[in-house]
Amino acid sequence: MDNCLGQAEQQQQKSIVFPAIGTGNLGFPKALVASLMLDSVLKFSKNRTSSHVHEVMFALYPQDTQTIQAFTTEFNNKFNIQVSSTQQQSKGPLSKITSKSGTYETTVGGVVLQVLSGDITKQNTDVIVNSSNENFTLKAGVSKAVLDAAGSNVEAECTQLGAQPNQGLIMTQPGMLQCKKIIHISAKSDPATIKQRVKQVLQMTAQQKLTSISFPALGTGQGGANPGQVADSMLDAVVDFVTQTPQSSIKLIRMVIFQAPMLADFHQSMQKREGGSDKQKKEGVFSKAAAFAKSLFTGSKDKGDQQQKVKDFVIDGKVLNPACFSICGPSRTAVDQAKQWIEKLISDEQAFESISDPMILNLSDKDQQRIQELQQSKDVSVRVEHKTQGAGSDDTTILVEGLSRDVLMAVSEIQTMLRKARDDFSLKKDMEFASEMVEWQYEQGGQYHSFDQLTNFKLEQALTLKSPHVDITVQGQAYKVTMPEGPAVSAVGGNQMNIKRIDKLQVQVIDSIPQDWEAMAANDLVKMCPLKTGSKEYNDVLGHFRNTCPNNNIIQIERVQNPGMWKKYQSNKQIMEIKNGHQNNEKRLFHGTREDSMMHINHSGFNRSYAGVNATVYGKGTYFALNASYSANNTYSVPNQQGHKRMYLCRVLTGDYTVGNSSMFVPPPKSANSIVLYDTVVDRPNAPTIFVVFRDDHAYPEYLITFT
């Protein structure tokens, strides 16, 4: 354990996974193994000097309940974790309900359950359910819509099958619908019959090995059944079926509600059955222990601010009293036609929009108040939903529904708020970064004082853009600054004020050099130190090289000791860690060279002015490779007359990177209108093998390898 963790840290790996060592055929005591393994991790976390490994995982065989219990007990003891009864049992059969684009989604067993507002004839599931009468010839409501869309052949098939003995449901071909089969049922309007019919439909679907099905809101049209009771009956039937038939072919059950206001009844019925997810039940102790243990590796800083924002940002949708239409007419057909016409008018005027944006939680109190006001001034309902994603992050969505014209205006205004919040957030980050790098000051009363963060950023941005002048405000008075050295002249009175810029990069100097370097004379700028064959340091470099060059012959490996270059590199590394907000900024990469370039690189480092000698496919900078085999190519590691080739194993500040192209002289900005650039560019961001560096002091040639 100790050696493995040490190797993972040395190789700069982020994570490592262990089995329950020795608890299988070797028969080691399970409790002792769990205790020793956890002790090793805790000791490693406490004593290490660097911080590359962020995650240590134990993979336990799921059937080995004794080992799982041993580790559970040890986690409890080590981290003092208590498991509450609410963690051990769920409240209902449905998992956590999520909402996106007007669709409520959950799972029961392994089946996805969706409830949405829409037209059932447009669904593309394997089965579409039609709510009809006892002889399956009903031409009103949902049944009329289904039969009209399916075509006359399906209508004729219904007439034929309806005349034969049946159990209240028949299955026909899809006709012109997008499904594979249509199941027609005589649901009637009582909850018990509806529940029975839903279970029969699901059983018939499973017998046909079909995987997905769409139901209408049974009995709520012509039958006049209570929507809430229908929702309860249909959901109970789904839960019963999945519980009793866990291995069925069905993977998706969809309930399509034609009348949008009825969607709330089905959502409420889902909420009554919502409980803890399987993942929550299974993780219990380990999720808490993992959170505790993670703090050992990443520090105690958590997402408290983000969670507080989630907690503070709550907007409840406007509660509306439903309107009731009483329709009178000369015949049932006329009443049905009037009802369908009204429902179509309502459906055409209804709109539903969802806005998912990480900036929602950055909206100001004033913005939140304005959103509340939109519900009063427009015919819309606005609510905010928070969904917890992996790694503890939160996905926040604003849902807007109501009359189409008002929804459009409300969404447009909210999007404007979000754009402003995004601009403000980006500006804040840029100001913080600029203040870490430089400090602009003004002279007043014989002393220099620091500008505020915004003015500091404006001055630095003007310097970067090489602007001749920039307007600023100091203590409520407007000044025009002549860049880059001043003075600042007041708009009223013409008073002059001296300014100066302090480069914090030059102030922060790291004096330490590696402890294993050999002693150097005071006047030595560079020292080349051959490594002893078989030493730990030699084998480490050899291992990196041999990973992709197993057949090449190593002649010599030398350590490059250049204190001045090393200190500058380490200073840049520290600044990059501050800028990027993380420590995963350095990689060990290879760079092939020629014999006549070695002296210059050893003394002065790499020089991107030579870009183009070999390649500029991804940018005009210095190229480094993840694999030694790439740099070993004769194009890059040029053989001398004896056939000897040279390659450096380097420390390179890759930082945050993006894809490059041949026209780049510097990396692109991380976002529009930002002065913060990416650190490097690569061949492919997801799995880069080539890195292009545009600053010469962002790479240190640590070892020179001579080989054939």
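## Ser40 in helix H2

In this predicted model, Ser40 is part of helix H2, which spans residues 30-47 (helices are DSSP runs of H or I with at least four residues, strands are runs of E with at least two, and both are numbered from the N terminus). Ser40 counts as buried because its relative accessibility is 6%, where buried means under 20% relative accessible area, exposed over 50% and partly exposed in between, with a 1.4 Å probe and protein chains only.

When residues up to four places away in sequence are not counted, Ser40 touches Met1, Asp2 and Leu5, a contact being heavy atoms within 4.5 Å. With Asp2 there is also a polar contact between the two side chains, at 2.6 Å; such a contact is a pair of N or O atoms within 3.5 Å, of which, within protein, one must be able to donate a hydrogen and the other to accept it, and residues adjacent in sequence count only if both atoms are side-chain atoms.

## Helices H1 and H2

Two packed helices are described by the angle between their axes and the distance between the axes. The axes of H1 (residues 2-10) and H2 come within 10 Å and cross at roughly 40°, the axes being lines fitted to C-alpha atoms over the stretch in contact, with angles from 0 to 180 degrees between N-to-C directions. H1 and H2 are therefore oblique to each other, since angles under 35 degrees count as roughly parallel, over 145 as roughly antiparallel, 65 to 115 as roughly perpendicular and the rest as oblique.

On the H1 side the contact involves Asp2, Leu5, Gly6 and Glu9, which meet Ser40, Val41, Lys43 and Phe44 of H2.

## Helices H8 and H9

Helix H8 (residues 227-244) and helix H9 (residues 263-272) have axes that come within 8 Å and cross at roughly 45°. H8 and H9 are therefore oblique to each other, and their crossing is right-handed. Among the residues making this contact are Pro227, Val230 and Leu235 of H8, and Phe266 and Met270 of H9.

## The chain and the model

The chain has 20 helices and 29 strands, and 42% of its 708 residues count as buried.

Residues are numbered from 1 along each chain as its sequence is written. Because the model is predicted, local features need pLDDT of at least 70 and side-chain atom pairs count only at pLDDT 80 or more, while totals for chains, interfaces and linings use all residues, and side-chain values use heavy atoms, with hydrogens and water left out.

Methods
A crossing is left-handed if the near helix is turned anticlockwise from the far one by less than a right angle, and right-handed if clockwise.
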